[in-house]
Amino acid sequence: MKTKYRIILPICLIGSIVIYGCKKSFLDKQPLGSLSSDNVANLTGVQGLLIGAYSLLDGEIGLSTSTGYAYGSAGSNWVYGSVCADDSYKGSTPTDQPDLVLLQTWSVSSANTSYVQQKWALLYDGIQRCNEVLRVLPKAEDISEADAKVISGETRFLRAFYHFGGKIVFNNFPYVDETITITNNNLNVPNVDKSGKFIDIWPKIEDDLKFAIDNLPETQPQRGRANKSAAKAFLAKVYMFEHKYTDAKPLLDQLISSGQTAGGQKYTLVNFEDNFNAATKNSAESVFAYQASVNDGSQLNGNYGDVLNFPNGPGAPGGCCGFNNPSFNLANAFKTDANGLPLLDTWNNGPVVSDSTNLYTGNVDPRIDWTIGRPGVPYFDWGPDSKQWIRDPATNGVFSPKKNVYAKSQAGTLSSTETAFWGATSIDANNVNFIRFADIILWAAECEVEIGSLGQAEMYVNQIRTRAADPAGWVYANTTYNAANSKYNSQAKPADKYKVAPYPTGTFATQGQAYARKAVQFERRLELAMEGHRFFDLQRWDNGTGTMAQILNTYQQVEKTRNSFYYTNPSAQFHKGINEYFPIPQKQIDVENSTGEINLKQNPGYN
């Protein structure tokens, strides 16, 4: 086997010092050339390398006809976080993107999908770019000690970000630092120790983030750069995945009391839709996000990873391609009772939201209509959402994605007009939110449930619900939408029977820890639906108990009775102990183990 398949690649320089393209096909081709590290050992060169590391946050390397477009590596994680869970269906038609069918039915193997290969390759490309910054930085004599600390902090933050992505997708993902080089002849990085036991990389990810916290400033000159609060937030996220609630809680408490954006704004909740509107992005709720832009000559600096995830059909925003359709299960989760509280155990029973054959006519949480495009409900200023926007109703249900889509009045300014790519109108300037302040509040609520006060957990959840209950942030009928402030000009006629309210004081304490835990987890689903988190939340809440398999198998058993993806895939089954993670690409295993020594071991249950 050739070393071209190994994890670490020769340097790929970008930004102002590009001399060759960073190909998506790097698993199959050698790079065409590179600059000597000595030529970029200066402030300008190191900053260019660092920008290159930031540039992969969207999950995209660039256009390639040899490997296809890297939908499987999208920074939003819509494939793994939403489609592979119960938030959405694959969408489009059954034969379009067949690899995604395998993923959604939890039947993917290590050899039969390009999607997991794209994700693996993208993450290690990002890691390599970070490591190259750390290799070159000590050689740069014109960089002050103070600047070097900040650059190192940003770089190790990004390295932790990419390793974290690999950990939650692949679990047994090798940790690679700047000492792994061709010169050191150590490219076959193992994921097992000498006894064959998988190596835990969480401590390494923690170390990178702790370093970032110690070396990053409170504010940054550009809002897209990582600052101290962002590093604390990501370390807290790591602790949540490790179930280290006592370590996460102090960080979350600090962020709630004094956390701030890279631009210096104190964290706070903003109007809900402002989080998904390119005109109002980088608000006080944005903890860390990929910075998307359009019509800047780049062709693909917009939210390219979600280019498929637009309504499909005449008059629809984007016009293509009808993927990532929200599920009936998700829509039903927004039902509320007469008091405006969620139906924690019975949301998926009875009449179905927006199903014409079994129509639900009760109350709904108003967040539904910012999260999901529903038939007859205003879709920004595009007019009422239309069933004609569903590409294949037999498998896609009746809902369209919405959180990544732009308003009609923004077309051509906050959507792309660049024509080098077939889907220009489906590329927009909406940022990809990796963490927003609502995440922090709900993680803090989880910590309070597990090790703190149920009353405090209730207070945190009610902050989220109080924001949702503000009528100024609802969707309204028979009026015009103002994309400048994410609101409707007249608020006389709500688009549906909206009813949402905080939990009455003392509910969590009276009902007990199990109820409070369920309420917090349910709130997280409502608040963060279709943002690529759901699969990974189920994964961390499972923690070996089998609850993830129970939830997702119950989901598909009900869905196969509806006009949905599972109606045409009734044999789908989630396997406990296997499908909580995805297979390591077989090509990578073959190369790593080509000498006869087992360096890279496949995840349990995959062949």
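**Entry 1: aromatic rings**

I start with the rule I used: rings of Phe, Tyr and Trp, the last by its six-membered ring, pair if their centres lie within 6.5 Å. I kept in mind throughout that this is a predicted model. By that rule I get 41 aromatic pairs. F161 and F234 make one of them, an edge-to-face pair with 5.6 Å from centre to centre and 70 degrees between the planes. F161 sits in helix α5 and F234 in helix α7, so this pair ties together parts that are 73 residues apart in sequence.

Is F161 buried or exposed? I find 13% relative accessibility for F161, so this residue counts as buried. F234 is buried too, with a relative accessible area of 4%. From F234 I moved on to F288: these two also pair edge-to-face, at 6.1 Å centre to centre and 80 degrees between the planes. This second pair links distant parts of the chain, with F234 in helix α7 and F288 in strand β2 (residues 286–290), 54 residues apart. Both F234 and F288 are buried.

Which residues make up the cluster around these rings? I noted F157, F161, Y162, F234, F288 and F434 as one aromatic cluster.

**Entry 2: the largest cavity**

I found six cavities of 30 Å³ or more. The largest holds about 580 Å³ of space, and 42 residues line this cavity. Nearest its centre I listed G75, S76, V432, N433 and E531.

Which elements supply at least two residues of the lining? My list reads α4 (114–136), α5 (145–170), α7 (228–242), β8 (432–436) and α16 (534–542). Helix α5 gives the largest share, five residues. Sorted by class, the lining of the largest cavity has 18 nonpolar, 15 polar and nine charged residues.

**Entry 3: the second largest cavity**

Of the 14 residues in its lining, I find R223, T261, A262, N282 and S286 closest to the centre. By class, the lining of the second largest cavity has four nonpolar, eight polar and two charged residues.

I wrote them down as R534, F535, F536, D537, L538, Q539, R540, W541 and D542. What do the buried residues of α16 pack against? I find α2 (78–83), α5, α7, α12, α15 (513–528) and α17. Just after α16, N543 takes a positive phi of about 50 degrees.

α12 is among those partners, and I checked this helix as well. α12 is mostly covered, with 13 of its 15 residues buried.

**Entry 4: R562**

My last stop was an arginine in a loop. R562 lies between α17 (547–559) and α18 (586–592). Why does R562 count as buried? Its relative accessibility is 11%, and the cut-off for buried is under 20%. Leaving out residues up to four places away in sequence, I find that R562 touches F328, N329, N332, N348, V352 and Y567.

How values were computed. Residues are numbered from 1 along each chain as its sequence is written. This is a predicted model: local features need pLDDT of at least 70, side-chain atom pairs count only at pLDDT 80 or more; totals for chains, interfaces and linings use all residues. Side-chain values use heavy atoms; hydrogens and water are left out. On a 1 Å grid over the protein atoms alone, a cavity is a set of points where a 1.4 Å probe fits but cannot get out, and a pocket is an open set with protein on both sides within 12 Å along at least five of seven lines; lining residues have an atom within 4 Å of a point. Grid points are joined across faces, edges and corners, and a volume is the space filled by probe spheres set on the points. Helices (H or I, at least four residues) and strands (E, at least two) are DSSP runs, numbered from the N terminus. Ala, Val, Leu, Ile, Met, Phe, Trp, Tyr, Cys and Pro count as nonpolar, Asp, Glu, Lys and Arg as charged, and the others, Gly among them, as polar. Buried means under 20% relative accessible area, exposed over 50%, partly exposed in between (1.4 Å probe, protein chains only). Contact means heavy atoms within 4.5 Å. Rings of Phe, Tyr and Trp (its six-membered ring) pair if their centres lie within 6.5 Å; planes under 30 degrees apart count as stacked, over 60 as edge-to-face and the rest as tilted.
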